[in-house]
Amino acid sequence: MCVQMKRSVPFMACVFLSCVGFFFTGLSSAADLIEPVGKVEKVASGFQFTEGPAWSGETLYFTDIPATTINQLQSDETIVAFTTDSKHSNGIVFAGGRMLACQMDGQVVQYDPASGKATVLADRFEGRRFNAPNDLTVDAEGGIYFTDPLFRAPMPLPQGGQYCYYIPNVPKGETAEVIRVTEDLAAPNGIGLSPDGKSLYVCPSRQSKMLVYEVLGAGKLSEPKTFCTLKQPAGQTDTGADGITLDVKGNVYITSDLGVQIFTPEGQFAGVVAFPEKPANVCFGGGDWKTMYVTARTSLYRVAMPIAGLH
């Protein structure tokens, strides 16, 4: 159900921002950097807090959390509301013909793209509601890994800590038994799987060290290792991440205080793309999957990149 949005704040379409897409070339050799092949563009603005960009294969969806809205970017660059009752949806992913989302009001859901209706897949663990599901990724079996930090959660935390969980993909009509797959973490936020599905990246918001787990089986993880340490703003030492995405070569793109920081599969720094506003989340889309879309506070941005995103 797509409702045309009426905006009190006008949005800006395709504003070129040549001064903000830069790399810290002093931190890595130029040959090792992954650089944009175009300029950063502001696609739309005037939102409350943008999050959860996801490419459906045809168009981009993204959330405006305080407005309880999931937006859809049309081919003519207009924005329509997919739903205005999103239960504070945050991360979205399209996988296996499904539109899946984390609703920060306490559940992971599947949306019907035609009607906008949400079906709850999981809303509790050991009889207690989740804190506030934040972001998610899907494995080859259709199982869902998701993060459950403290943002917008009731206090004290319903789960008593901040964890990641796994929802097995079960036949329609059956109830999946949710599995807790990590220990208590410092605000687990962005989450993503490597192209081969053997590594799960979890990026906390309240520490500079990003984590990687070996996937031992569906919903079974090794102990975590440090994948990389984020570059820090001047005068700060332990700022963390928000959303993440990967490209087809396994490079990891992490939104941070400095912009979208990029790391190789080995955890080596490969550059950072900066934006006029602090980015919250990131995905790839477009016909060739080489357009990087970034939600950043009040706006939606995009920039052409040299490597296609993982899809």
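Colleague: In this predicted model, what makes β11 stand out in the lining of the second largest pocket?

Modeller: β11 gives the most to that lining, with three residues. The elements supplying two or more residues there are β10 (107-111) and β11 (118-122).

Colleague: How do you know that Thr119 belongs to that lining?

Modeller: A lining residue needs an atom within 4 Å of a pocket point. Thr119 is one of the 20 residues lining the second largest pocket, so it passes that cut-off. Along with Arg98, Gln110, Leu121 and Val170, Thr119 lies nearest the centre.

Colleague: And what is the make-up of that lining by class?

Modeller: Nine nonpolar, six polar and five charged residues. The volume of this second largest pocket is about 420 Å³.

Colleague: Now the largest pocket. Why is it called a pocket and not a cavity?

Modeller: A cavity is a set of points the probe cannot get out of, while a pocket is an open set, so the name pocket says the space is open. The space in the largest pocket comes to about 880 Å³.

Colleague: Which residues sit nearest its centre?

Modeller: Val93, Thr137, Val138, Leu310 and His311, out of 43 lining residues. Of the lining, 23 are nonpolar, 15 polar and five charged. Val93, Val138 and Leu310 go with the nonpolar ones, because Val and Leu count as nonpolar.

Colleague: Which strand has the largest share of that lining?

Modeller: β8, with five residues. Strands giving at least two residues each include β4 (50-55), β8 (89-95), β14 (136-138) and β20 (209-217).

Key:
Residues are numbered from 1 along each chain as its sequence is written. This is a predicted model: local features need pLDDT of at least 70, side-chain atom pairs count only at pLDDT 80 or more; totals for chains, interfaces and linings use all residues. Side-chain values use heavy atoms; hydrogens and water are left out. On a 1 Å grid over the protein atoms alone, a cavity is a set of points where a 1.4 Å probe fits but cannot get out, and a pocket is an open set with protein on both sides within 12 Å along at least five of seven lines; lining residues have an atom within 4 Å of a point. Grid points are joined across faces, edges and corners, and a volume is the space filled by probe spheres set on the points. Helices (H or I, at least four residues) and strands (E, at least two) are DSSP runs, numbered from the N terminus.
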